[in-house]
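Some words used for a structure rest on cut-offs.

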Amino acid sequence: MERTIWLQAILKAFEELGGTGALEDLYSMIEYNGSLPLNEYTDWKAQIRKTIYLHSSDCEIFKGIPNDENDIFYTLEGKGTGIWGVRNKQGKDNNRSSLKYPFIEGQVYKRSYIHDLYGGNRQRGIAPSKDQPMIFIFSGAEGKIHGYKDGWQDENIFFYTGEGKVDNQEFKEGNKALRDHVENGKDVYLLESLGGKGLYRFVSQLTCIGYHFEQGKDTLNNSRTIIIFEFEKTNRISQESENIEQEIESTNLEELRKLAMHVANNYSSTTTLQERKTIIRKRAAAIKKYALIRAEGICEACEQIAPFYTIKDEPFLEVHHLTRLSDGGLDHPEHVAAICPNCHRRVHHSKDGKEYNDHLIKKIKAKELTHN
C-alpha cells in the first residue's frame, strides 16, 4: 500500500499521542512536527480528516475490506465525536493504555493523556500520581513569570524551583513530595513544555540529591524565599554507583543498612553538590549490596539458589525495587529484594506480576523483622 505523506504524518502523530487522540490534539501534534506543508492548503485540517476517513471501515467513504491493510483507524466513541485511534496489526482496536511506562526519552506526550492514565493535578508543576508511585514535574519558560528558575547546570544536573506562586515556599504538598520521594518510594519524571497546546517532551527520570534556598520574586513581584531542588539523572547515579561497589568492603547488614539510610537532604548548607553526589552513589551501592548480602545467594522471591555464579565467584541475583516502577538508583533498604532473573521478569512482565510483587513485599517485610 502506498502511504502518502499525509498518512505518514498522521500515523507518526498518533504514535506520539499514545495511539489514540482527539482531532484537535492530532492537529496540534502534526503542526508541531512540521512534516507537512500546511501553509499550502486553505483547509489542511479537512485533508487530515479525509485521510483518516479513507482509511477507516467506520466511515462510508472507506473503499477497502474491514480489517485489511487499508483499515487503519477506528472511532473510540462513535462517529462525530472526533476521537480516533490506530488499529494494531491484528486489526483489533488499541486504546489509551498504549501510553505506558516506561516513557521514552525525547518523545512528545500530551499532558492530558498522562493524567488520564496516572492521575495527578493537571494544573500544577508538581503532580504526584494518586494511584502509581510516580511524581511528574513539568517545566517551561512560562514559569519565569512566577519567579521560577528551572534549568540544567550540566548534562546531568537539573535545578527545579518548588511550587507556590506567592509568598515564601514551604515544604508542603508537592514540595514535600519531591523532598521525600526516595524515602517514600516514588519516581520523579521530568517533562519540558514545548510552548503550548499541552505538549511536553519527556526528558529523564530524576533523583533529588539535595536542595537549597534562594531569594526571588513571586507573581506579584514581591520578594520571597524559593526552594531550588537539585536533581540528577537517575540512570547516571545507577551507572556510577556500580563503579564504587567494590569500595564498600563491609558485609555486615547493620553497617550497610546505616549507609543505605543516609539521607542527603539532611546535610547542612555547607555540604557541596559534589559531596552530595558522592554520598548518593555510595548510598545507592550500599542498598544494592545490602539486598544481595541479605539474600545469601537465594532468590528472595522463589527461594531457589541463584542460577549461576559471576566471574567474581558471587551468586548472580538482580536487585528489584518493590514499590517503584523502575529499578536502580536510591531506595529504602526495606523496599528492595535480590531475586533471580526469571522472577525479575515475572514481576515486571507477567500477567500476575502485581500479585507476585505484592507477595514479595510481604516476604521482605517479614524478613526485615528478623534482622531488626
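A residue is called buried when its relative accessible area is under 20%, exposed when over 50%, and partly exposed in between. The model discussed here is predicted.

Q: Why is lysine 354 called exposed?
A: Lysine 354 has 59% relative accessibility. Exposed means over 50%, so lysine 354 counts as exposed.

Q: What makes aspartate 358 partly exposed?
A: The relative accessible area of aspartate 358 is 32%. The word buried needs a value under 20% and the word exposed a value over 50%, so aspartate 358 is partly exposed.

Q: How do you know that aspartate 358 and lysine 354 meet in a salt bridge?
A: The N to O distance between their side chains is 3.1 Å. A salt bridge requires a Lys or Arg side-chain nitrogen within 4 Å of a carboxyl oxygen of Asp or Glu, so the pair qualifies.

Q: Why are aspartate 358 and lysine 354 said to be separated by about one helical turn?
A: Both belong to helix H10, and they are 4 residues apart, which means a separation of about one helical turn.

Q: What makes glutamate 232 and arginine 281 a salt bridge between distant parts of the chain?
A: Their side chains meet at 2.4 Å, N to O, and the cut-off is 4 Å. Glutamate 232 sits in strand S11 (residues 223–233) and arginine 281 in helix H8 (residues 273–295), 49 residues apart.

Q: Are glutamate 232 and arginine 281 buried or exposed?
A: Glutamate 232 has 1% relative accessibility and arginine 281 has a relative accessible area of 7%. Buried means under 20%, so glutamate 232 is buried, and so is arginine 281.

Q: Where in the chain are glutamate 303 and lysine 363, which also meet in a salt bridge?
A: Glutamate 303 lies in the loop between H8 and strand S12 (318–321), and lysine 363 in helix H10 (residues 353–371), 60 residues apart. Their side chains come to 2.8 Å, N to O. Glutamate 303 is exposed, because its relative accessible area is 52% and the word requires over 50%.

Q: How many salt bridges does the structure hold, and which residues are linked in a network of them?
A: There are 28 salt bridges. A network links Arg257, Arg294, Glu300, Glu334, Lys367 and Glu368.

Q: What makes cysteine 340 and cysteine 343 buried?
A: Cysteine 340 has 9% relative accessibility, and cysteine 343 has a relative accessible area of 4%. Buried means under 20%, so the word applies to cysteine 340 and to cysteine 343.

Q: Why are helices H1 and H3 called roughly perpendicular?
A: H1 (residues 5–16) and H3 (residues 44–54) pack at an angle of about 85 degrees, with their axes 10 Å apart. Angles of 65 to 115 degrees count as roughly perpendicular, and H1 and H3 are therefore described that way.

Q: Which residues make the contact of H1 with H3?
A: H1 contributes Trp6, Leu7, Ile10 and Phe14, and H3 contributes Trp44, Gln47, Ile48, Thr51 and Ile52. These divide into 7 nonpolar, 2 polar and no charged residues.

Notes: Residues numbered from 1 in each chain as written. Predicted model: local features only at pLDDT ≥ 70, side-chain atom pairs only at ≥ 80, totals over all residues. Heavy atoms only, no water. Axes fitted to C-alpha atoms, helices over the stretch in contact; angles between N-to-C directions. Helix = DSSP H or I, 4+ residues; strand = E, 2+ residues; numbered from the N terminus. Parallel < 35°, antiparallel > 145°, perpendicular 65-115°, else oblique. Contact = heavy atoms within 4.5 Å. Nonpolar A, V, L, I, M, F, W, Y, C, P; charged D, E, K, R; others polar. Buried < 20%, exposed > 50% of the residue type's maximum accessible area, 1.4 Å probe, protein only.
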